[in-house]
Structures are given as C-alpha cells and as structure tokens.
Amino acid sequence: MKTSRRDFIKISTIAALALLGAKSYDLVVSRRLSESLLLEEAPVAGVKFVKTFGGMCGALCGIQVGVDGNGRPRVVFPIKEHPQKGLCGRCASAPWLWDNPLRLKKPMVRVGERGEGKFREVDWDTALNSIASKLKEIVDKYGYKAIAITHHDAWTYYMSLFSYLFGTSNVISHVGMCHAAGTVARGHVFSAGGPPSIDPDYENASFLLLVSRTLSTASMGAVHRAMTNERLEIVVVDPRMPEVGFANVKWIPIIPGTDAAFALSIIYVLLEEGLYNADFLKKYSNAPFLIKPDGKPLTEADIVEGGDARKYIVFDAKDKKLKDHREAVDPDLWYVGEATLKDGTKIEVKTALTLLKERASKYKPEEAERITGIKAGDIRWVARKLALKNGVVHDTWYISRNGNDYDDVRALLIINALLGNIDKPGGLCFQESARFPSVITVKTVEGKRVAETVYGATMPEELFGDVTQPRVDRAKYKLTPAQFDAVLDAILEEKPYPVKALFVIGTSPLMRDMNTRKVIEAYKKLELLVVIDILPTDDAGYADYVLPDTIFLERDEMTSTKWTLHAVVQKQSKVVDPPEGFDVRDALWIMFEIARRAFPERAKALGWDDKYANYKAYEEEFLHKLDDSIISRLAATWKIDKEKLEKALEEEGYYVLKRKEYYVRPYKTALGTPSGKVEIYSLAALGAGLDPLPDYIPPPAYTLPRAPNEFYLVNGKGPLTSVHASLMEPMKFVGDRSVWMNPRDAERLGIRDGDMIELESIDMGLKAMARVKVTEGVREGVLFTYSTMWGRISKLLPEGHFAMEGINPNLFAKGYVIPIVGGGASNSSVRVRKL
Amino acid sequence: MGGVTGAPGRLTAFIVSLILVIIGLAVIVYGFTRKEVHVISWGLLVPAYTFFALISGSAIILEGAHTVLGYKGPRGELARIVKIGLWFSIATAVCAWLLIAAETTKPWIFWRIFTDFNVTSRIAWMVLLYAIYAVIVIIQLIVVIRAASGSLEKVELALAFLGIIVAVALYSNLAQVYGTIAAIPAWYGPHLAAYFIVGVVLLGAAGQTLFIMPYAWRDEELKGFLTQFYGRIMILGVLILAFLTVWNVITAWYNPGVWAVYSEIVAGAYSAWFWIIVVLIGIIAVLVLALYATFKRNAPALILAAILTLIAGFVNLSLLIIVSQTKVPEVLGGLYRLAAFHITSWEAIIIVGAIILWPSLYVLGQTLLPLLPGEKPKRLFIFK
Amino acid sequence: MRLAFVWDSRRCIGCMACVIACASANHPELLREAKPNPQWNWLGGNIRVVVRDVGGRPVLRLVSCQHCDNPPCVHACPTGASYIDERTGFVRLDPSKCVGCKACVVACPYGARWLHPVTMLPEKCPGPFCSEIKKAVCAEVCPAGARLVGDLDDPESPVNEVLRKYKTERMLEHLGTEPKWFIITG
C-alpha cells in the first residue's frame, strides 16, 4: 500500500479496539487455533480504525472503518459519539466493495453498439482527450447547454462547480425520482428545503406517524434516536410493511396512492374534534387569513386604496375588526363573513382554516375508509393519538410514487401545523444550518458578476456560457428541484433545445428513472454519453466512455452532517488506497481534466492548473487547498479556532458547530413563505397556479387495477437499497429479489411462495418475470418490490449475476410527472400470470 | 468350494480379493479427498454407515441361536457357519467404520474420542461400544476356530452372552445417536432402538444369506437348512418391521414436527421411495419371497428376498436419516427450516468404494483364515 | 462469568448490518466465495435471519448461537471439542479436538452452526474476529441499539438491568437448552 498525504494521521494510532467504547466485555480469552487452510486470515490485532463517513448511500452516517494487516477493509463500526452514528447493511457491505472483481478498473471506450456492452480499455489520456474533442464539437454546434450532468449523492457538493466548468445549467439530480414533490410541499408549507431541512426530533418525540416513509432506509442516526427513545410510539402507514415494522411499530396497510385522503381525514378529525393547537395556528400560521371567493387572500390592497398587497387580513375577534394579521390580537380562526372591498363591493370571505375544513370534510373517516382501505376507527385513533401525545408526522422522503404525492406531503405537513408541534422538542424541527460554504458563489465585483470558488479562483461573467440559461427541467416544471425526465425529452424531442452530451456520475438513470425504455431510447440518441462510476451499472453498458471513479474509502471529503438537527460538519478520511491494478480517479479530477482539455480557459478560471493533470499533484495540492479553504471558511463563519476544527475533524471525524436551538422558526424568525408564517393555505402554490389546499385525486400515474389478476405494483427502499451495494456478494443472500404478494391474493390465484410469475404492465404492455414471496407484509391487491436494485440488464455484469434476477419497477412506470411540481411516479399496475 | 489347503484357487482368490480391497480403499480415500460441505449435515454416508453397522450386528443371530439357545441345526449345520458368520460381521463392521470415518472431516484424529471421551455423547459411546463389540466378536471367532480342535463351550457361551448384551447396548446406543437429538423431532425419542434391533436381525439375516449361502450352494442339506433358517428369521423380522413402520407413521401423525417429515415420506416428495421400495419391495415382496423360499426350500428365492431386503433397508434408513434433516422446526413455531438433499459425487464414490470393499474384504479373510464349514486351523500360527 | 446476548425485538428494524458485518469481520477468507455458507445458503457469517407471518404481519428473528447453559451441541460432541468456556460462559469450539462428525451441527435446535466450506469446521458465534477483539461485532454495529452483551453473573451488568426491566423470552426454551440469548418483547 503506497502511502499518501496525511496517512500517518489517518491510518493512525486511533484506538486499540479495547478502548473503542462502552460495553466492552471479555468475550473470549483463548486465541482460536487457526486452521492451516485459513491462509488469508490476517492477524486481527493489526486492525486499525479510521474515522470517516459512509458513502454507500447518501445518508453519510458517521462510521469508522477497520483495515486489517493486509490493508483490506475488514469491518465497519459506528463512531460512538457521532450525532449521526451508525451503519446499516449497506455500509456493512463496504468490505466487499474495495477490491471487488466487478469494480471498474480502467477507462473504457465503447467499441460495439450502444448497450451491447463491448468496450476496450484505454489509458486516461486517450479517454479524456477523445471525450474533450467530442464535447468541443457538440458545444460548437449546440452550445454549452447541450451538455447535461446527472448525479445522485456522490460528488453532489461539486455539481455547481461542474456547472460553471462546463458552462451549462443542466446539472440535474435524481431528486425528480425521489423527494421532489415533498420538497416542493415542504417549501410551500414551511419554506423548508430537501428532506433533512426539517425532520422529526426523534429523540424527544412521543408519537411519530410515518406515512410512506420507511425510516429504515437510510440515516441510521435517525434510526438510533428513534429506536432508543423508549417513550416513542410509532405508526407506519404504507401498502407494505417497511422494515421498521419489524420493530415495535404499528403498521397500518393503506391502498396505494391514497395517502392524501388519509391525511385529510386526520385533518378533519383534528378540526372536527377540536384537537388542533389554536394558539399556534393564530400566531404562527396563515390559518386565520381571510380568503376571497377567488381563492386569493384578502390583503390591505383589496380593502384600502394604495394598501399593501403583502398585508394579509384577518378578523380580530378582540375588536371584531378586519386587520393586518400582524396587528390582530386574537385572529379568528373560523371567521366567515363579509368584507367590503375598496370599490365598495361586498364579498364573502372565509378563513383559510375554514376552507381547509371544508376540503377535509370531503374525507370524513368513513369516506376515507372507502378510499384508503383504512378503518375509520383507525383513522380517528391515529388523529387522537397525534393530538393527545403531541405527535409528529414525518415530512416524508422518497415520495415519487403515484403522481399525486405533492398533495400527500402537503396534507401531512399541515397536520403538523394543526398540532403546532413545530420546532419544539419532539416536534417537526428545522435543522440548524452548518453554513457549509458553497463550492462556488456568484458575486458582483465592480458591477460585474464573477463566480468565485471556495478556494478563491474566480470566473468572469464572460465565461459563464449557458449557466444562466433556464434548466431544461425547470422550463417544463417550473417548481421542480430536479426532473431528469425533462432531460430525456430534450434529448429525444430537442425541446426546448437539444441536449447532446450527458455525464452520468455515480448514478443510474436506468434503475432510478421511470420508463426505462425511454431512458434507453434517449441514450441511443445522444452524441456523447460518459458514465463515471465505480461499478458496471446498466447505464455503463450504454456509455461511449466508462470512467472508473474512486470509492468513498479512497478519498477525503467534507460535508455538513445530513440527518441531525444540529449543525455539524464531518470529514471523510481516506481509509485505503485503491487496490493494486485499479487505475481509478476522483470524478472531480476527471471532470476538471475533461474541461482542461476541452475548454482550457474555463478550467483555468476555476483554479485548475495544468500540473493537476498529475494525479498526485491534484491529491496533494489541489485537494489540500480545497479542504483548507473549507475549514478556514467554516472557522471564520463560526468564529472557532481553525486548528481546533481541523484536529477535531481528523481525530473525531466530526465537529458540532451548533446544537439544535428550539423555538426559533417560526417563533422568532419568520419563515420564507409569502406570509412569513406556516402556510396551511399555500400562497406560493396559489401563485404557481396550484390548488392552495391539498386534495386527494386518484393516482394519475397509472391505470388502476380492476380485474382479479390485476395489482398495484408498488416499490420502496429498504436498508439495503442501493444501485451499488446491491451488486455486493452479501446481497446475493440478504437481498430480496422477490415480488411480494399477500397470502389471500396468492391463494385466489393458486400461487405459492417461491413460484415464478409473469408481470405484465397494464399501461406499457411490457412483461417481466419474478419470484413471488407470499407474505402478510403487503396489502391485498398490491405487489411490492424493492426499487433500484434488481432486474439489471448490464452486459458488463457476469452472466447470470444475481442482480439480474427480480424486476426493476421503473420498467413499468409510465413516466407521469406532476405538472408544475415536477415529481415523478414509479408505481404502476400490472397483470399477473403464474408460470 | 471348500478348497481347504493352499490350492491355486485359494491363492487366486487371495490375490484378486486383495487387489479389490486395495481398490475399494483407494476409491474411498479418493472420494474423501473430493469432499465438500453439503446442505444436509449428515449426508448419504450416514445411512450407509448405519446400514453396514446394522448388518455387522448379524453376529447376534448366530450367538443367539447357536451358542445361547444351543440350536445347532438338525445335523449341526449352524455350527458349520458360525466362523464365517462371525467373520462376515467383522468385515462388514470394517466397512461401516470406514464409511463413518469418511463422513467425518478429520478421521485421523479419531483417537481423540478415547482420550477426550465425552460421556454425554452417544457418538463417543458408539465408538467405545463398537470397539468392545469388535473385540468380543474377534475373540469369539478365535475361540470358535480353536474350538474346532477342542471344546470351549463355556467360554463360547460366556462370550455369546456378552456379545448379545454389548450388541443390544450398541444398537440401542446407535439409535440414540439420533434419538437424543431434540432438534430433529422425527428422530427424537426411544423408538428407533426397536427399529434398529429389528434391523440388525432382518438386515443381518439378509446379509448372511447373501454372503454365506454361496458357500453352501453345493451342499444341498446345508443350503436347505440355511434357506429355512434365514427364511424364518426374515419372515419374522419383516412382520415386526411392518408393524413398527405402521406404528411410526401413526405416532408421527400426532406430532406436527414429526409429521412434517413423515408427510413428505408418506405423501410428499419421497413417497415413491417409501411406497415402492420400502413397502412394496421391502415388506410385501420380501415377505412373499421369504414365505415361498421357506416352505419350498427355495434358496434362489431367498437370495432374491435378501437382495431386496438390503436395498429396501438402505432406502428405509436413508429416508429416516436424510429426510428427517430436510425439514426441521424453526425458531418461530409453525415454520420449518428446509434443506435440499442432493447426492454428491464424493459421497457416491465413497459408497461405491465400500461396496467394492465389502465382499472383497470378506473373501480376503476367508482366504487367510480357516473360516469355511469344516475347515480346520492350520495355516496361521495363532490358531495352531 | 456467564455472558449473555440480549436482542431487543422492539428496536430491530432488520437493517442487516449485524448479519453482514459478522460475515466480513469473522470470515474475510469467504468474502469472494461463491457459496460462503452452503448449509444455510447464506453469508459466511454466524447470524441467520428468520421471518414468518405471525398474527397478520411478518415477524423477524435473528438467530445465532444461543450459548445455552445446557447445550445440545456440547452434549453431542464426542471429544469435547464443543465446550462451555468457563471464563465467559460461551459455547466454543476447539478445532484441535474436532473430528468433524457434525453431531453439533445436527444437534443444535437453533440451526446456529454451519460448516465452513474450506475447513469444514462447524462455525458459530463468536467468530474469530469477535474472539480476538473481545467484542461482539453485531452489538457494536447495531444502529438501533438493539443488541447488548453482558455478564449474567454480575448483578450490575446492563444485561441484568435489562432483564429486570423488560419482558424477555428465549427461543425454544421448552427444549431445556437454557439459552443465554434473550429477546426483549415488551
């Protein structure tokens, strides 16, 4: 193992194992008599632990990796004191990843047809030069905006840098197939962002309702906080029992795509039975806002000449007057009455809460039972529990399911607003921001815009290229955080403009995005497809160039800790070098080197010196500068000693910048919503042309199953879900490649556990085969399978690889995108035939 | 037959059997080197071992009838086959031991069982009892051979009693190797002891028929006697076996864990083996043939019955030992841990080796020792 | 010392971290084997997973050596290769005494032993790595705080604390094996 920068610290003296933490015990005194056949077994005493964070998924939990005397990652432990400690089956599989025979070892260029899987290994220069010249050709013809980059969690921090590096705004993540709808909803109700920006305070909560949220999927820190909270009662509402259901959790099966009806029914019960937090709603939400018959809020501009359109009017019960919500002493939550407009006309106004109740009244528990399949009594029970135990409803995560998910999340968030359990211990809390510096920010210097990197390089506006052009997905779905389907449209239909080159970095649109056939068609139409990854994904099989990336164990990185309410920064430390014979490079280096060859002025402006072509120089100088700048920035921002921060990151793997401070938003700090308050009646949605209140519509993403052999095909994630981890050997045994079927359905169709069935998509006409698992873990009329794991088609995988078994549910997903919001939908409906 | 002195026939037999013994051993060793872990912990070699072990107990037939009960046959026929019968037991036991040794992964440290004897282990007792039993049978053989030149009846009687007691303990213990394993309900309990002791008599009679009868083939009187002698034992044995089989199936029905296995045997994946081989061939056909042979003094019919008994016995033991391991209760009630059984090539090779070894070792002994009816000790020093 | 395992079924979310970590830590030599554990058709590790529908929903059990006080495997072993280690109370294997008769594998009602495909030794918990580091990898990695190991003989040990506080059960207790592996059920 060659040594590198700071190895002497990293593969360090950290802890003889016996010192590693509590609960140490004298397991066995005698050394096992080693059998002669166990030649490879290293002396265990030589195991050294390196603190880092887990890159097997995007959760990035705090882990320490034990490397044995042979320099091989042997075991992964949590960092005991880490605010997001822990690991699940994915990180536990990391020892299989490092020198895995499947790992991409050298750059490869396609020699056969796209998808044929025929490649030739080439050296880095050859690969990078040919990519660069092709890229230049494309840019000359179509402009920078013809380049798109898609990614998942790996290298996310650098994506905005890549945007400037390649002069394109089209850096479009996986989010459209994950939490897009939820993120838009979070923005509308709480002006919050992606999933961890608000999160239940698991360690103090007493009742947690998880609707279409597994909890067992990622973020073992959250799992630890929830599971070790002895007071916490958990209810899961899901068509299938997620793994968290194995714990002491009540699981309520629901008909797929009806979450909004369930949530609205809860809202109804809370309002009807007076189980809402009136005080909170009056002070911190727009519940008392008066809404005009046209759905718009009554503002000062409506009633006073020259009035302020941002002064929302409420009825003050104290003096029975209409006034600005900020001035009212006792805003009436239920006011229904007349308001006189400035032109003298009288209109009827109602409070937002009244309108919400009217909406929710469509879903009285008995009616909701008919829609959701959940007993009216259970709905009332959940609603009362939430109110009486001061509960919290999870804000959801992976939600791109049925095409009506935006309303699901909004309704769930509104329940939290009604309970008033916001930013309080045990409630739905805003995460403290780590104020982690962006890798690139745009500044105005002497009247001219420049992009400045965290390490001090600046790019003048003239070099921005198409960075300021609208992204293809936002052109189509104006609120979307990201929707890759629009990139496919831009490739296939060349609208609003053609996309010709695509970089796929550490992700797999073929597994990730709905309508797999469409992805393949788009791939075939591209002029350049570059896949940068660590394993032969299905997408790699279609690429023109496949470039081998480093794995998380082989690099340093810094990030804010994701799944904690505290502001925490954490460090990934290089645990091992790539194994002998693996000529792999950081995607960061790869992207810079492509840019240096294609658009040298861009790379130079962003601080890329020619000498970094030498990988060692990149590792030792560029990365060092980058890390150092980030630490300096953080130290300056938080006014802490830089060396102290650096030392903590090296030795502990993390540093807590600020502990969670409760009762801040919306109490002391106004929210970023139009009203500055929690919006149960979303003015932002209204402004975007959406219904300001959530409603239930039957899933628009697929034809509903009707015949006895027709089923919903729902998918979900579990603690093993990962495009990469699912190729590791443990998954051959532990990974569930089956399609779940309820025993009563199985009996009706004469299907037994382990039988093979054929699934035929009702909408797409496609067929696939899978093995059935007969289990009570899924609702009647519903089939379940894990997403983004199975049904691989890559020709780069060895023949008969286990990951080819099972189905990729996205194959059947029609490709429905929620208008405006831009969330995708991966569920579908299928016909089943026993083979 | 009956070449008493160093005739060329005997030398040829010696050389051929010695070569076959070496081949048999070599095949067993070869099979052992190809050994792999299979899903069922106790694979086919275990029923094969049990099969040979039961046959090797056949000495008790002779000890019981000839020595203890003093039944020598109307013309002393039984006395004439005692020596060869005892040797048959020894040769068979050697096959059994080799099979079980080949089933273990480190047979070369078998001695550990004596030095680190675990009193609660049935297997440890098995090894000890088998060693004692072998010593008794060998002494018996020596005594019987020497008795040909002088009366040692009291010693013989004492040895026979001892032999029977040890054998009963041995086969009860063998049954309890399985019977003490609560993890496998189909084995658990004392019922297998009866099964195994009947097995010793039935399979032993069949084995002796097959291996001793050829030496009596030209001696019509002896042949006729042996046909009726073994025929009667087999009739009785098969009737008891039939009773025990029915009894086992019935008792199995009352215990869900046992029935999980027996339902596979009686009505599931293994039912063809059970109904055709065990019931139709092993019980009905054998009973008919044995009755016919006994009353008609028809030796070929008895030979056929013996062959069928051995085949059915092996299948029966395999069902009992293997199938019971394919479906065992899981830690969550009502659920079973399933394991698929496949015959592996290495097991098949070892069994072939044992099948080569069995008759060749038997013949080899017969060429070296004065075992045949009427043969006097003169070749070897210890018998002088 | 009588070390016992405690597994909190109320907390376990079936994330498989313990199952997989046990294999990678204790049997790295089987990392790339096609059939690392042919007997269980499973990883080369000491923890099995059992799931069964009970009362209308799937129930999970993680199964490994129960370290019985009255262990059938130890009783069945002809040479004492399987034994109770007096220092820890754990059921252990001394490979130098093991003749490979597999009686322990057959006798274990928990199916907690498996034959190593290369050495053919009957493997079980605790594996060599855990033995060496004197820690149970499964308990170390558990993200849900669902695993605990401690001394039953020490009244102050966390295990005894947990046993006093919660309702626990042991698997297949009716067989009289007296397992030192407790499941918190309520």
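## Confidence in chain B

In this predicted model, chain B has a mean pLDDT of 91, and 95% of its residues reach 70 or more. pLDDT is the predictor's confidence in each residue, on a scale from 0 to 100. Over residues 1–6 of chain B, pLDDT stays under 50. For that stretch the model has 11 contacts beyond four places in sequence, a contact being heavy atoms within 4.5 Å. Where pLDDT is low, the predicted coordinates should not be read in detail.

Residues are numbered from 1 along each chain as its sequence is written, and chains are lettered from A in the order in which they are written. Local features need pLDDT of at least 70, side-chain atom pairs count only at pLDDT 80 or more, totals for chains, interfaces and linings use all residues, and side-chain values use heavy atoms, with hydrogens and water left out.

## A covered helix in chain B

Helix α3 of chain B spans residues 59–68. Helices are DSSP runs of H or I with at least four residues, strands are runs of E with at least two, and both are numbered from the N terminus. Of the 10 residues in α3(B), 9 are buried. Buried means under 20% relative accessible area, exposed means over 50%, and partly exposed lies in between (1.4 Å probe, protein chains only). The buried residues include I60(B), L62(B), E63(B) and H66(B).

Just after α3(B), G70(B) takes a positive phi of about 70°.

## Salt bridges

The whole structure holds 92 salt bridges over all chains. Each is a side-chain nitrogen of Lys or Arg within 4 Å of a carboxyl oxygen of Asp or Glu. Side chains of opposite charge can pair when their charged atoms come close. D473(A) and R471(A) pair at 2.6 Å, N to O. D473(A) is buried, at 0% relative accessible area. R471(A) is buried too, at 15%. In chain B, R112(B) bridges to D116(B) at 3.1 Å between the closest N and O atoms, and both residues are buried.

E593(A) and R596(A) meet at 2.8 Å, N to O. They are about one helical turn apart because they lie 3 residues apart in helix α19 (residues 587–598) of chain A. E593(A) is buried, at 0% relative accessibility.

## T785 in chain A

T785(A) sits in strand β32 (residues 782–786) of chain A. Its relative accessibility is 1%, so T785(A) counts as buried. Beyond its neighbours within four places in sequence, T785(A) has contacts that include L713(A), V739(A), I807(A) and P809(A). Its side chain reaches the backbone oxygen of S738(A) at 3.0 Å.

## Where chain C meets chain A

At this interface, 69 residues of chain C contact 70 residues of chain A. About 5900 Å² is buried between the two chains, with 64% from carbon and sulfur atoms. Buried area is the accessible area (1.4 Å probe) that two parts lose on being put together, summed over both. In chain C, I13(C), R32(C) and R57(C) lose the most area to chain A, together 12% of what that side buries.

There are 5 salt bridges across the interface. One pair in a salt bridge is E230(A) and R11(C), with the closest N and O atoms 2.7 Å apart. Helix α1(C) gives the largest share of the side of chain C that touches chain A, 8 residues.

Key: Polar contact = N/O pair within 3.5 Å; in protein donor to acceptor, adjacent residues only side chain to side chain.
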